[in-house]
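User: Can you walk me through this one? I'd like to start with a single residue.

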Amino acid sequence: MAAKFELFTDKAGKFRWHLKAANGEVIAASQAYESKAAAKNGIESVQKNAPGAPTEDQS
């Protein structure tokens with residue numbers, strides 16, 4: 001199984017997503033969104049922008 005995004009509603013009624021690795025571990029979690037469409041846009045943004053994102057070592 002490949003990594004996947006899971007879109008859900010939190011206890012406050014806001015929309016959120018998790019990016020889960022193949023082993024089921026959450027490797028990224030979103031902010032709270034007011035609408036499902038906004039949460040989907042957040043997922044699309046990560047899918048579009050993350051593949052080329054550089055790593056900035058701040059250690």
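User: Is phenylalanine 5 buried, partly exposed or exposed?

Analyst: Phenylalanine 5 is partly exposed, because its relative accessibility is 24%. Buried means under 20% relative accessible area, exposed means over 50%, and partly exposed lies in between (1.4 Å probe, protein chains only). Keep in mind that this is a predicted model: local features need pLDDT of at least 70, side-chain atom pairs count only at pLDDT 80 or more, and totals for chains, interfaces and linings use all residues. Residues are numbered from 1 along each chain as its sequence is written, and side-chain values use heavy atoms, with hydrogens and water left out.

User: And tryptophan 17, buried or exposed?

Analyst: Tryptophan 17 is buried, at 6% relative accessible area.

User: How many aromatic pairs are there?

Analyst: One. Rings of Phe, Tyr and Trp (its six-membered ring) pair if their centres lie within 6.5 Å; planes under 30 degrees apart are stacked, over 60 edge-to-face, the rest tilted.

User: Why is the pair called edge-to-face?

Analyst: The ring planes of phenylalanine 5 and tryptophan 17 are at 75°, so the pair is edge-to-face. Their centres are 5.3 Å apart.

User: Where do the two sit in the chain?

Analyst: Phenylalanine 5 is in strand 1 (residues 4-9) and tryptophan 17 in strand 2 (residues 15-20), 12 residues apart. Strands here are DSSP runs (E, at least two residues), and helices are too (H or I, at least four), numbered from the N terminus.

User: New topic. Which residues does isoleucine 43 contact, leaving aside neighbours within four places in sequence?

Analyst: Phe5 and Trp17. Contact means heavy atoms within 4.5 Å.
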